Amino acid sequence: EAKQSPEAMMKANLHALAEMESKAVVFIIRESRKRSSLLVSYSGGKDSTVVLKLAERSELSFKVYFNDTGLEMPETLKLAERTLEEYEGIKGEAGDAFWTSLQSFGPPARDYRWCCKVCKLAPTHRALRSFQNALVLVGQRRFESASRRRAPAIWRNKWVPSVLSASPVNSWSALAIWLYHRWRSLEHNPLYDSGFDRIGCFMCPASRIAELKLTEQMHPELAEKWNTELRKWAIERKLPE
């Protein structure tokens with residue numbers, strides 16, 4: 001059987017993609033009518049890039065929000081800065097909150113991700129607290145994890161109570177996201193081309209080991225900074241290697 005090209009896959013699914021886009025745009029327009037303003041939460045990843053395009057397709061007025069956790073990869077920061085310049089951008093900044101909090105909470109783990117509250121939710125609360133009754137579009141998908149599989153398409157986060165979050169791509173698969181990228185000729189983060197499956201903090205405990213190894217190869221200075229802190233933590237507590 002002949003191997004189909006990505007272009008052929010995209011063309012074969014054009015009808016489905018157009019229908020998904022239409023439903024997502026209607027979702028955005030319908031939900032934004034109930035809110036005072038519209039924002040797109042942009043992370044530099046494939047999903048939020050699609051959401052940004054869907055917001056454009058809605059022809060509504062919106063602002064773009066990017067949160068710098070202080071742990072972003074250089075490639076992501078470069079892409080985000082360019083996006084914030086292109087749109088009316090708002091930037092949240094965690095600064096060195098992770099490194100200072102690390103001394104109290106210790107290294108984060110898969111089931112102990114205190115860093116999300118410190119580096120994402122807290123700076124987002126500060127940046128968006130003036131946006132009362134706003135709708136924030138995010139690129140969350142229910143196929144990403146077991147917890148998100150149960151999550152609704154619209155929700156309110158207790159850490160950012162002034163805004164309502166909504167995901168117009170909640171039911172989209174990763175394949176649909178990538179086919180939409182090709183259809184609409186969207187720019188994607190170059191980290192994907194290097195082998196990363198997800199875009200986020202360079203030492204996120206939810207990352208695959210392969211991605212942590214990629215970080216060591218591409219940005220050894222970041223990996224060494226993190227490894228130094230881990231060794232320090234272990235030595236102070238007389239923990240094994």
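Student: By class, how many nonpolar, polar and charged residues does the lining of the largest cavity have?

Tutor: Let's start with who is there, keeping in mind that this is a predicted model. Met73, Leu191, Phe196, Arg198, Ile199, Gly200, Cys201, Phe202, Ser207, Glu211, Leu212 and Thr215 line the largest cavity. Sorted by class, that lining has 7 nonpolar, 3 polar and 2 charged residues.

Student: How much space lies in the largest cavity, and how many cavities of 30 Å³ or more does the count come to?

Tutor: Happy to take both. The space in the largest cavity is about 90 Å³. With a cut-off of 30 Å³ or more, the count comes to 2 cavities.

Student: Which helix supplies the largest share of the lining of the second largest cavity?

Tutor: The second largest cavity has a volume of about 40 Å³, and its lining is made of Leu102, Gln103, Glu229, Lys232, Trp233 and Glu236. At least two lining residues come from each of helix 5 and helix 10 (220–236). The largest share, 4 residues, belongs to helix 10.

Student: How many charged residues are in the lining of the second largest cavity?

Tutor: Among the residues lining this cavity are Glu229, Lys232 and Glu236. By class, its lining has 2 nonpolar residues and 1 polar residue, and the charged ones number 3.

Student: Are helix 5 and helix 6 roughly parallel or roughly antiparallel to each other?

Tutor: Look at the crossing angle here. The axes of helix 5 (residues 97–105) and helix 6 (residues 114–128) come within 10 Å and cross at roughly 150°. Angles over 145 degrees count as roughly antiparallel, so these two helices are roughly antiparallel.

Student: Is the crossing of helix 5 and helix 6 left-handed or right-handed, and how many nonpolar residues are in their contact?

Tutor: The crossing of helix 5 and helix 6 is right-handed. Helix 5 brings Ala97, Phe98, Ser101, Leu102 and Phe105 to meet Trp114, Cys115, Val118 and Cys119 of helix 6. Among the residues of this contact there are no charged ones and 1 polar one, while the nonpolar ones number 8.

Student: How are helix 2 and helix 3 set to each other, roughly parallel or roughly perpendicular?

Tutor: The axes of helix 2 (residues 14–32) and helix 3 (residues 46–58) come within 9 Å, crossing at roughly 70°. Angles from 65 to 115 degrees count as roughly perpendicular, so helix 2 and helix 3 are roughly perpendicular.

Student: Which residues make that contact, and how many of them are charged?

Tutor: Helix 2 contributes Glu21, Ala24, Val25, Ile28 and Ile29, and helix 3 contributes Leu54, Ala55, Arg57 and Ser58. These divide into 6 nonpolar and 1 polar, and the charged residues number 2.

Student: Helix 2 also meets helix 8, so at roughly what angle do their axes cross, and which residues make the contact?

Tutor: The axes of helix 2 and helix 8 (residues 174–183) come within 11 Å and cross at roughly 95°. The two helices are therefore roughly perpendicular to each other. In this contact, Leu14, Leu17, Ala18, Met20 and Glu21 of helix 2 are joined by Ala176, Leu179, Tyr180 and Trp183 of helix 8.

Notes. Residues are numbered from 1 along each chain as its sequence is written. This is a predicted model: local features need pLDDT of at least 70, side-chain atom pairs count only at pLDDT 80 or more; totals for chains, interfaces and linings use all residues. Side-chain values use heavy atoms; hydrogens and water are left out. Axes are lines fitted to C-alpha atoms, for helices over the stretch in contact, and angles run from 0 to 180 degrees between N-to-C directions. Angles under 35 degrees count as roughly parallel, over 145 as roughly antiparallel, 65 to 115 as roughly perpendicular and the rest as oblique. A crossing is left-handed if the near helix is turned anticlockwise from the far one by less than a right angle, and right-handed if clockwise. Contact means heavy atoms within 4.5 Å. Ala, Val, Leu, Ile, Met, Phe, Trp, Tyr, Cys and Pro count as nonpolar, Asp, Glu, Lys and Arg as charged, and the others, Gly among them, as polar. On a 1 Å grid over the protein atoms alone, a cavity is a set of points where a 1.4 Å probe fits but cannot get out, and a pocket is an open set with protein on both sides within 12 Å along at least five of seven lines; lining residues have an atom within 4 Å of a point. Grid points are joined across faces, edges and corners, and a volume is the space filled by probe spheres set on the points.
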